Amino acid sequence: MLEAVDQIRDLVGDEAVSVDASDLEEHGYSDWSTSNTDVRPVAIVRPASTEHVSAIAAICTRLKVPMVPYGAGSSVEGNFSSPFSGICIDLSAMDKIIAIHPEDMDVVVQPGVNWIRLNDDIKDLGLFLPLDPSPTALIGGMVATNCSGTNATRYGTMKDYVVNLTVVLADGSVIKTRNRPRKTSAGYNLNGLFAGSEGTLGIITEITLKLATVPTNVSVATATFPTIREAADAASALIRKGVPVAALELMDHVQMKIVNRNGGAGGRTWQELPTLFIKFAGTKNAIADNILSTRQVAEAYHCASFESADTTEQMDALWSARKQALWASLAIRPEGTRIWSTDVAVPLSRMGELIEISQQRAARLGLFTSILGHVGDGNFHQMIMYDPRVAEEQRRVEDCVAAMVERALEMEGTVSGEHGIGMGKKHCLAKELDPSTLGTMKALKSALDPYWLLNPGKVFDE
């Protein structure tokens, strides 16, 4: 591996290669990940171009050195860990917005562009990228994990915005998946192959993205409920009724307590009850009608309170409170403990039942536990805080999460709604998909990466 590091250093320069212990640790371990390994990469490389990535991949393949693509490090299932060591390819320095085509409503970016920065740069054009994941997320990682976030109910997931990709394959070959029209039937859908592949099939170095028109008006409402089951069932009912919400998020009473403990939001504290956060977009009249319809549905499920935000500042603060939930939970985490945060998704009709079961089961642990989620899509997250130094405590948390996943599968759901598989859910994926399906995936992997050097140990094993 050291020979590979030397050759890469000759290629990209000393300043682009790091073997600093703290850098290796940062790129190999995460406090918010369900899965970590004691192994670290031998070096961090920060390429500046597709040509650099291509040459790095060629060197690593020739010397049979594992390659681990890295973006912002915000994934939670061990997606960027280095269980076989190797070279960590940090793409955050490739952060240029290459071209903006406002008439075509698309943009060409490198993988290290942060989505918030992108939206800030194009806001005066009346366009935006609707995805709304972690504030730290970079475009390349968002594509690699097919992220979604709070706006997925209305706008869809990352795969729906990928026009084309430039991808470096394991041997250093460079491909472009398609041209720039929004619609094509020319050949296989390679965008769909690489989006969500978690860096196991290729390294994404350039992305053309569709953009959406910024809504004329936006409003936010909150509805509180006596129980989390009633909140989740109300969310399902809203979707079934066809109320065109832009986003539909759930935070349980624990998360609302954390919001208040961190100073509240929108200049106030909030009721510490299971709460739906609902976003509306459109004309003022349409928003008013949709808020009325939402209130009626909420009241049918014993809504305790319903109110809409009055100002932009309050709306932003409210949504910020929802977006910062993980970080706020980390901020109150006692020293030495970890947060296990994982997700599942089920058909809408089963969501309330599974959320209620999962909350009750986790409550019996006697630990900090919280549920929040993108309930407009039947997707929710469970967080449990535990002490990894206490083996029995960790085992009970693992059993609790495993039971949630098993029940989701019984309900014809999925083991991962948006976090991906990484290292943490390989065994779960094997339960969700039959051997023939997994075999097809492995055949694709072997065809594109015959030595299994790209992000090895993720999604499934050789």
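Modeller: Let us begin with the residue classes. Ala, Val, Leu, Ile, Met, Phe, Trp, Tyr, Cys and Pro count as nonpolar, Asp, Glu, Lys and Arg count as charged, and the others, Gly among them, count as polar. Please keep in mind that this is a predicted model.

Colleague: How many cavities of 30 Å³ or more does the structure hold?

Modeller: In general, a probe the size of a water molecule is rolled over the atoms, and this shows where empty space is left. Here, three cavities of 30 Å³ or more are found. The largest cavity contains about 880 Å³ of space.

Colleague: Which residues lie nearest the centre of the largest cavity?

Modeller: S74, S75, P133, S134 and T145 do, out of 46 residues that line the largest cavity. Several elements give two or more residues to this lining, including β3 (67-70), β10 (203-210), α11 (312-323) and β18 (379-386). The largest share, four residues, is given by α5.

Colleague: How does the lining of the largest cavity divide by class?

Modeller: The lining has 21 nonpolar residues, 20 polar ones and five charged ones.

Colleague: Let us turn to the helices. At what angle do the axes of α1 and α3 cross?

Modeller: As a general idea, two packed helices are described by the angle between their axes and by the distance between the axes. In this case, helix α1 (residues 2-12) and helix α3 (residues 50-62) have axes that cross at roughly 160 degrees and come within 10 Å. Therefore α1 is roughly antiparallel to α3, because angles over 145 degrees count as such. The two helices form a right-handed crossing. From α1, the residues A4, Q7, I8, L11 and V12 take part in the contact, and from α3, H52, A55, I56, I59, C60 and R62. Eight of the residues in the contact of α1 with α3 are nonpolar, two are polar and one is charged.

Colleague: How far apart are the axes of α8 and α13?

Modeller: The axes of α8 and helix α13 (residues 348-363) are 8 Å apart, and the angle is about 165 degrees. Therefore α8 is roughly antiparallel to α13. Their crossing is right-handed. Among the residues that meet are I228, R229 and A232 in α8, and L348, M351 and G352 in α13. The contact of α8 with α13 has seven nonpolar, three polar and four charged residues.

Colleague: Where in α8 and α10 are the residues that meet?

Modeller: In α8 they are A234, A237, L238 and K241; in α10 they are S293, T294, Q296 and V297. By class, four residues of the contact of α8 with α10 are nonpolar, three are polar and one is charged. The axes of α8 (residues 228-241) and α10 (residues 284-300) come within 9 Å and cross at roughly 135 degrees. Therefore α8 is oblique to α10. The crossing of α8 and α10 is right-handed.

Notes:
Residues are numbered from 1 along each chain as its sequence is written. This is a predicted model: local features need pLDDT of at least 70, side-chain atom pairs count only at pLDDT 80 or more; totals for chains, interfaces and linings use all residues. Side-chain values use heavy atoms; hydrogens and water are left out. On a 1 Å grid over the protein atoms alone, a cavity is a set of points where a 1.4 Å probe fits but cannot get out, and a pocket is an open set with protein on both sides within 12 Å along at least five of seven lines; lining residues have an atom within 4 Å of a point. Grid points are joined across faces, edges and corners, and a volume is the space filled by probe spheres set on the points. Axes are lines fitted to C-alpha atoms, for helices over the stretch in contact, and angles run from 0 to 180 degrees between N-to-C directions. Angles under 35 degrees count as roughly parallel, over 145 as roughly antiparallel, 65 to 115 as roughly perpendicular and the rest as oblique. A crossing is left-handed if the near helix is turned anticlockwise from the far one by less than a right angle, and right-handed if clockwise. Contact means heavy atoms within 4.5 Å.
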